[in-house]
Amino acid sequence: MEENLRDTKIFVSYSRKDKLFARTLYDALKSLGINAWVDWEGIPLSADWMAEITAAIEGADAFLFIISPSSLKSKVCMDELELGIKYHKKIVPVLYKDPDKGQKMHPKLASTNWVYMRAKKDDFEATIPKLVQTIQTDLGWVQQHTRILQRATEWTQKQRNKSYVLQGSDLDEGERWMSQANTEAGRDVLPLQAEYVHASRKAAVQRQRNVTIGIGIALIISIFLGITAIGYANIANENKKAAEAQKAIAEVNEQKANDNERKAQDNKQQAENNEKRAVEKEQEARAQRSASDAKIYQDKAGELATSTLLAVNAYTELPNLSIAEDILRQNISLFANPVKQMNVGARISKIQVSSDRTRFVTSDESGKACVWSTQDGSKFFCTQQDGALNDSVLSRDGKTLLTGSDKGVVTLWDANTGEQKKSFQYEGIIWDLSIHPNGRWLGVGRSNGVSLIDMNDMSVYIDYVLSSEVHKIDFDSFGKYMAVGMADGNVSIWDITNNRTIAGPLHNNEVFHVVFSPDGAWLVSVGADSTARTVRIGDGNRQKYSITHGDWVEHASFGPDSSWFVTASGDGFVRVIDTASGQERMRMAHANHVTRTRVSADGQWIASTGYDHTARIWDAASGTEVMQIPVEGIGSALDFNPDSTRLIIGDRSGNITLWDISRLHDRTGVVKFSEFIHEAHFSSDGKWLVANTDDKKVWLIQSDQLGKDEDQRKALFATKGLTNGMSVSKDSNWIAVVESDSNVAQYNRVILTSVDGTKKSVLSHDTEVINTVNFTPDSKQVVTADENGLVYVWDVQTGKKIASLKMEGVILSLAISPDGKYLVAGIKEGNHSLVWDLTTLTQVKILEQVGSINVVQFSNDGKLLATGSSEDNLYLWDTKDDSFSRIGDGFDMGGGVSAMEFSPASDILVAGDTNGHVHLLDIAIGQEVARLRHIDKVTNVSFSPDGKQLAVVSQKGIHLWDMSSVSSHFLKRDQLIEAACSRLINNFSESKWSLLFSEEKYHLICPNLPAGEN
């Protein structure tokens, strides 16, 4: 069959709710030569509708069905699908949105291979060529199917008039087309088509018979004119016919041979293409499977490394797979950088960092105390003694290492050489050691008492015998008191200077830990009775309060200012407690029993570890989990170095891991408030930052005070209702804040005030709710917008309305171009933003985008517009030449876009989302390059005018980030795999590989890392 291929025609069936995606797909297919019939406006459901849809489906080479929960529910879509099936059209399902759980699906869709084009999960651009290839597979036969179906339908409509049958070469091609139906899978001939071809052949035979009869009559007549002449003529004609028949047979045989050769070549090419597609599909399936598993393990405690290795595998198999990229960026934002991992072969009982920051000491159950470098984890030496070591400490001057064993031996060692200086033998077990603040005394907690050893002459200064084992001791910061926690639940406070003992809290079971506050004013004790109890020293030393936990409380640590402390509990929670009141400020969750917690020296970070095989670092201001570190065994000890650039972790399997956590210093501080903060903006001159909070006040803080404990903030003014949106004028002289009150309509307004407090205006929309406010670039006008689509322009100096615009829809956000020409409004419903020309007060553009447009923002150079929606997508628009054309496919966020701002140089766009992430997007390369974690929805982001500092608002904190430090960690897509592998310690073990990858051959996912141990 000669194949003169015309342009491919397809029919697209979709739900009106998926119109934006259908339009995008239509444009992409059209650019590649695929003509699609799409019902954009909706044909009325009538006989005309059925006729037009039927004709469109009959004339299509393929039937493309966009799968989504909406289309599967649509009766119209199902009717269209039945027509496509009825006419044996090639069905091409395109998955745009996963069906709802339990949603029924037509068997034809369920049994046909899908083309995956899901938002945020699949690469649209990479999938389009594959979709076209699917549509055009066996295109010649398919187009002949369409042509014969249309001809047969017309023949039927003309009451089977013989004038409309196939003739000549058309008939030969039609019969050849029918004969090829059984040579390939999926080639189905309709009964109508078969009937039409057979009827065409029957008509051709009848025509031939009629010709033969005519010739016979003519011959009879000719007999009378000359039998002889006719005889000779007949002989000549017969010879001529025989020759022509032989020639025709030869031509047919030659054509068949050519067809067979071409078919063989086509079959070979098809086989190669099928093999290639099979390999690609298998590779894609493996990548998607690894990415799906990575997502599952991402949420499992202690499996962050597993998740990361799976995501690396997926990203290697299918580069730029969006879900794998998102997992890698998420995991990388949580990981610290491993410096070294060591193993001493026994449970680690304690870790302590030296005061000079250069060393740390570990104690283990095999009797070893080892001294290591905090810089690179190299070992200086280990000491060995009989029995398990419960504690080892370094003296204040760093010259002596002191160890205590369960054999009752306290040993003093040279901290530089590891040589033994002296030892003391006691009865029972040495449970705890503590160095007096002046460095002279060593406190010893033991089975039946406490002792003080004089470090000067290495002699026993005093021994006290007690009625119960002493499990924990601690000196206050002034060295006046020693707290003693005992196995019977008693806590005693020994007044060293007066040599007397004062009764402290009484627990109902064993005391696990006692700790004084840094200011010496408080003592906290925790124990097996699931309580933390406090005493205020000097206040009669009576118990101030008791805090009940859900299980044992094993450890407690104070913040550096003594105003709060942290507890580690068997109920899986790390709690932050207000010291004075005993009120819980916040709690952070592990997946299992928490054994240890530490607070960094600067008080910004809390570290914890436990049974869930993780060590976690939390933001002490908000409770955000900022790092999660895999631990091979049950975490049993940990400590920060003094400048919080290293975290050392020990576990019950004898592993000691040293981690570089210096990335924490990307964040330079937090401005904390007692109420939720809505927005915070730097002034254009960089001198101050202004914030509006739920205490109904607008606060101003000088920039040089940001991050300090006492920042000398001042309240500029108070409002009657709660505030939300806020804007600062470019000249730094004015602040406008949106006020709202659901009970008092008159408080739905904007308060406009000068920074110096001399002028104030109330801007009202007749009690309508106002969502957003913005100043014009010249600072002379301020623009407000309400939920009815009204936009008012006000004179800043007088507070009088000077212009108004009416838009359709609820306005959520406003942006004004730097040249003051354009106003862009983000609309709540309708999936779009509106662009207005302020010089003519006319609408000039509609920017389509799925979701409510929460934020709109112009770049500082005016060349770009960014729009962010509730549906996790962020688009960039080219504003040059006033085109407002969309750039690329945009960015997928992890949650709805809730805040945006361009850097002063317009090279970085920062976007906050509703899941607490801040995404840093590099405009030049069109990629995300960094991600910053926060506790909750990000409500505002603001750059300092010099671009050196970024302020991020989330819940009750303004988090301050050093952009030069943050930018040093920028990662492009092609750097993600290397970066992810650099944060891991090893690859999968072969046993873990077998669990995850079944029969696939084992290989190292990160080639630079060793295989894990089975």
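Student: Does Ser 859 count as buried or exposed?

Tutor: This is a predicted model, in which local features need pLDDT of at least 70 and side-chain atom pairs count only at pLDDT 80 or more, while totals for chains, interfaces and linings use all residues. Residues are numbered from 1 along each chain as its sequence is written, and side-chain values use heavy atoms, leaving out hydrogens and water. Buried means under 20% relative accessible area, exposed over 50%, and partly exposed in between, with a 1.4 Å probe and protein chains only. Since Ser 859 has 0% relative accessibility, Ser 859 counts as buried.

Student: Which backbone nitrogen does the side chain of Ser 859 reach?

Tutor: Ser 859 lies in the loop between strand E55 (853-858) and strand E56 (864-869), where strands are DSSP runs of E with at least two residues, helices are runs of H or I with at least four, and both are numbered from the N terminus. At a distance of 3.3 Å, the side chain of Ser 859 reaches the backbone nitrogen of Lys 863.

Student: How far apart are the end C-alpha atoms of helix H1?

Tutor: The expected span of a helix is 1.5 Å times one less than its number of residues. Helix H1 (residues 19-31) has 13 residues and should therefore span 18 Å, which agrees with the distance between its end C-alpha atoms, 18 Å.

Student: Which residue with a positive phi follows H1?

Tutor: The phi in question is near 85 degrees, and the residue that follows H1 with this value is Gly 33.

Conventions. A polar contact is a pair of N or O atoms within 3.5 Å; within protein, one must be able to donate a hydrogen and the other to accept it, and residues adjacent in sequence count only if both atoms are side-chain atoms.
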